[in-house]
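This report describes one protein chain for a reader who is new to structural analysis. Please keep the sequence and the model in view while reading.

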Amino acid sequence: MQTQLKMLCLGSLLAFSTVASAQTYGPSDEGRRFNDGSKVVCKNVEVQRNSKDPNRIAGTAIGAVAGGLLGNQVGGGNGKKVATVAGAVAGGAAGRHIQGNQQSKNGDRVVERRCERRYP
């Protein structure tokens, strides 16, 4: 038990030190070279902003409810339960897809400069 506790503490310490030492690079670092042959490369990336529901939770929930209600109208007994669940799953997927399409049409798109370290 003592050994397991020590290993758990050592593992969490190692994970924390890895996360804590993560380096971020900005446009001012572009072209910077390191001893291992890697360098910082920057590029322009188009990203979407002002999305109030980036995870599409509302579309998924509304679609699941509507699909479940429609699925509940089909069959009887255990078949009705299966149809309700299947309708909820299909409706949730459809609602998520529809909301994603709407957000991509209506969202604001901006260009950001993102930099990362590239290894040879």
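## Overall architecture

The protein chain contains 3 helices and 2 strands; helices (H or I, at least four residues) and strands (E, at least two) are DSSP runs, numbered from the N terminus. Along the sequence these elements follow the pattern α-β-α-α-β. This is a predicted model, in which local features need pLDDT of at least 70 and side-chain atom pairs count only at pLDDT 80 or more, while totals for chains, interfaces and linings use all residues. Residues are numbered from 1 along each chain as its sequence is written, and side-chain values use heavy atoms, with hydrogens and water left out.

Of the 120 residues of the chain, 18% count as buried. Here buried means under 20% relative accessible area, exposed means over 50%, and partly exposed lies in between (1.4 Å probe, protein chains only). Among the contacts in the chain with a separation of 6 or more, 76% are accounted for by residues 24 or more positions apart; a contact means heavy atoms within 4.5 Å.

Helix α3 covers residues 78–106, which gives 29 residues. From its first C-alpha to its last, α3 reaches 42 Å, close to the expected 42 Å at 1.5 Å a residue. The expected span is 1.5 Å times one less than the number of residues in the helix. The buried residues in α3 are Ala83, Gly87, Gly91, Gly92, Gly95, Gln99, Gly100 and Gln103. What covers them includes β1 and α2.

Helix α2 has 16 residues and reaches 22 Å between its first and last C-alpha, close to the 22 Å expected. In α2, Gly59, Gly63, Gly67, Gly68 and Gly71 are buried. Viewed down the axis of α2, its buried residues fall within an arc of 155 degrees, so they line one face of the helix; the arc is that of the directions from the helix axis to the C-beta atoms. The face of α2 turned away from this buried side carries the exposed residues Ile57, Ile62, Val65 and Leu69. The cover over the buried residues of α2 includes α3.

## The disulfide

Which residues does a disulfide join? The disulfide joins Cys42 to Cys115, with an S to S distance of 1.9 Å. A disulfide is a pair of cysteine sulfur atoms within 2.5 Å, and by this rule the count comes to 1. Cys42 lies in strand β1 (residues 39–49) and Cys115 in strand β2 (residues 108–118), so the pair ties together parts that are 73 residues apart in sequence.

The torsion about the S-S bond of Cys42 and Cys115 is about 105 degrees, so the disulfide is right-handed. Both Cys42 and Cys115 are buried.

Val45 is found in strand β1 and, at 23% relative accessibility, counts as partly exposed. Val45 and Arg113 are 68 residues apart in sequence, yet their C-alpha atoms are 6.2 Å apart in space. Leaving aside residues up to four places away in sequence, Val45 touches Val110, Val111, Glu112 and Arg114.

Gly37 is placed in the loop between α1 (2–20) and β1. With a relative accessible area of 40%, Gly37 is partly exposed.

## Aromatic rings and a charge

A pair of aromatic rings is described by the distance of the centres and the angle of the planes. Rings of Phe, Tyr and Trp (its six-membered ring) pair if their centres lie within 6.5 Å; planes under 30 degrees apart count as stacked, over 60 as edge-to-face and the rest as tilted. By this rule the count comes to 1 aromatic pair. The rings of Tyr25 and Phe34 have centres 6.0 Å apart and planes at 65 degrees, so the pair is edge-to-face. Tyr25 is buried at 15% relative accessibility, and Phe34 is buried with a relative accessible area of 17%.

Arg117 lies over the face of Phe34, at 3.7 Å from the ring centre. A charge sits over a ring if NZ of Lys or CZ of Arg is within 6 Å of the ring centre and within 35 degrees of the ring normal.

## A backbone detail

Arg56 has a positive phi of about 60 degrees although it is not a glycine. Arg56 belongs to the loop between β1 and α2 (57–72) and is partly exposed, with a relative accessible area of 28%.
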